[in-house]
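Colleague: I am new to this one and would like a short tour. Could you show me the sequence and the structure?

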Amino acid sequence: MPENATARIEAIYRAEAPRVLATLIRLLDGFDRAEEALHDAAIAALDQWPRQGIPANPRAWLVSAGRFKAIDRIRRDVRFDAVSAQLVQQLELATLPDDTDTPAIADDQLRLIFTCCHPALSPDAQVALTLREIAGLTTEDIAAAYLVPSATIAQRIVRAKAKIRDAGIPYTVPEPADLPDRIEAVLQVLYLIFNAGYSAGQGDTAIRADLCAEAIRLCRLLVGLVDEPEAFGLLALMLLNDARRPARLDASGDLVPLTEQDRSRWHHAQIAEGAALVQRAIRDRRIGAYSLQAAIAAAHSQSPNSAATNWAQIVLYYDLLLRLEPSDIIALNRAVAVGMRDGPQAGLALADAILASGDLDDYHLAHATRADFLARLNRPDEAAAAYRLALELTRQAPERRFLQKRLDALSRR
Amino acid sequence: MRYLCLVCFDGKQINTMPPAEWERLVRESAEYDRELQRLGHYVHAEALQSPDTATTVRMRNGKMSATDGPFAELKEQVAGFILIEAADLNEAMRIGANIPLARIGSVEVRPVMEF
C-alpha cells in the first residue's frame, strides 16, 4: 500500500474518531467497551480500506464495525450471562446513525459533553475528560497545554471514567429542570479550554490553537441544540477574541495591547459572525456575563482604531457586568474605559479608589493601569514609580518585558 | 441503581432555629419519605439519635477498644439516611438535593456496591 494511502486513512480516522466514540459510548453504555470497539474498528479499517477502498461514509463504517466487534467480544467473554445477552440483543437491534443523520451524531456528542462536564466530577477532571474524549486530544497534548505531567492527566481521566461507571453518571442530556445549571457548567469548561489555548504562556503553539478551535466547535454544537443565550454569548466571546489572534503577539512573541494591534490582521469575517451573535444575545432579557463580555469585545473589534471606539457603550456594558459579578478586576477594566471616555484624570480617580480598598495592592496590572493614566497626564515621575511597582509584582517574562518597554518609553519623552 | 443518601447537619442548629421551623422540617421530612415511597424510589430510611449517643468501637489484635462519640469530630454529623432506588446519578442527586434537611445541612449521595 502506498505510504500516502496509510496517511490518508490515519487522517480520516483521527478526524472521525471522537464522533464515532461518542456514538459507541451510547450504544455500548460505557467508555471501556466503546474504546475497545473503536480500537478494533481502527484495526479493521487499516486492514480493509487499502484493499477495498475508503468507504463513502467512513464514520458510519467505523460505527458499524465497532458495533460488530463489540458483539463478538461480548459473546466470546467467559462471563457471558443474561445481562450480556440482553446487551447483544440491544446492539443488534440498535439503529445506527448514517451520514445523512447529522442530528443523531451531534446528539451523541452533546450527551457525552454533559457526561464529561458532570458536576459530580472535579473541574480539572471535567476539562481533561472533555479534551480527551470529545476533542480527541492525546493525553500528552493535554499535559503539554496545561504544563502538567502526562501521568497526572492520565490519572485524572482514569479516575473520572471510574466514577462515571461506578456512580452511575448517565450518558444523557439533563432534564429541562436541570439544564440551565448544567449548561453553565459546560460553558465554564469550554471557556477554561479556550483560555488555556488563548492566554499568553508556554506550550506548543499549534496545540494551543487547537484548544481554541475545539472550544469554539463544541460551543457551536451546544448552540445548535439548546436555546441558551449565554451559550450564544460565550460562542461570540470566543470568536471575537480568537479573531484577534494574528495581531496579538509581536515578532518576539510578546503581547501587543489591544489599542496598538494592527487591526488589518484581524479575522474580520469571524468578527462579523461574533458581533451578529452578540446582537442576538443582548436582545435577550436574561443577558449574562459571557454575553456582556462579548458585547465589550465586539465594541472593540468593530472599531477602526482606539480613538473611534465607542467607549461610552463599553462603560455601560461594564456597569451591567459589575452588577452581575461585582469584582475589583472588572471595576479596574471599567476604569480604563472611563479613562478613554472622560480622560485620564477620571480614570485615575477610579483606579485610585479601587486600589484604596487594598484588595488589588499586589495585582501588577492595577499599578500598570495607574501608571498609564499618570503618563497620559504628563506626570512622568509618578508614572515611572507606578511602573516599577508593577514590575516588582510580576515574574512572568512577557509581562515584565512589556512593562519595561513602557518604563523606557517614559524616560525618552 | 441503589444509592445511600447520608443526611448530615450541625445539630447545634436545632437549638438556634425557631421551634416552629424545626417542626416544619421534621414534618416535611416525613412527607418526603412518603413521596419517595409513592414514586418507587424508597428502599429504607431512618433518623439517628444525636451524635453524643454514639460509641465508636475498634477491634485491634482481638481486643476491643471503645470511645465516646462519633468517629470524627466534624461540625456536620450524620443525622440519618435514606436508601433509594434511582435510574442514575442525575436522578439520585435530584432526590438527595430535595431532602428537606439538605437546606440546612448536606447530603452525601453514594452508590451502593452491587455484587
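**Salt bridges, interface and pocket**

Modeller: Happy to! Over all chains the count comes to 27 salt bridges, each being a side-chain nitrogen of Lys or Arg within 4 Å of a carboxyl oxygen of Asp or Glu. This is a predicted model, in which local features need pLDDT of at least 70, side-chain atom pairs count only at pLDDT 80 or more, and totals for chains, interfaces and linings use all residues. Residues are numbered from 1 along each chain as its sequence is written, chains are lettered from A and ligands numbered from 1 in the order in which they are written, and side-chain values use heavy atoms, with hydrogens and water left out.

Colleague: Which residue forms a salt bridge with A:E35?

Modeller: Side chains of opposite charge can pair when their charged atoms come close. A:E35 sits in helix α2 of chain A, and its partner lies 126 residues away in helix α8, so the pair links distant parts of the chain (helices are DSSP runs of H or I, at least four residues, and strands are runs of E, at least two, numbered from the N terminus). The closest N and O atoms are 2.9 Å apart, and the partner is A:K161.

Colleague: What is the area buried between chain A and chain B?

Modeller: Buried area is the accessible area (1.4 Å probe) that two parts lose on being put together, summed over both. The contact, meaning heavy atoms within 4.5 Å, takes 12 residues from chain A and 8 residues from chain B. In chain A, A:A167, A:G168 and A:P170 lose the most area to chain B, together 43% of what that side buries. Carbon and sulfur atoms give 56% of the total, which is about 720 Å².

Colleague: Which residue of chain B forms a salt bridge with A:D178?

Modeller: Across the interface of chain A and chain B, the rule finds 1 salt bridge. Its closest N and O atoms are 2.8 Å apart, and the partner of A:D178 is B:R94.

Colleague: How many residues line the second largest pocket?

Modeller: Helices α2, α3, α4 and α8 of chain A each supply at least two residues of this lining. A:D29, A:R33, A:V83, A:L87 and A:R165 lie nearest the pocket's centre, and the lining residues number 28 (on a 1 Å grid over the protein atoms alone, a pocket is an open set of points where a 1.4 Å probe fits, with protein on both sides within 12 Å along at least five of seven lines, and lining residues have an atom within 4 Å of a point).
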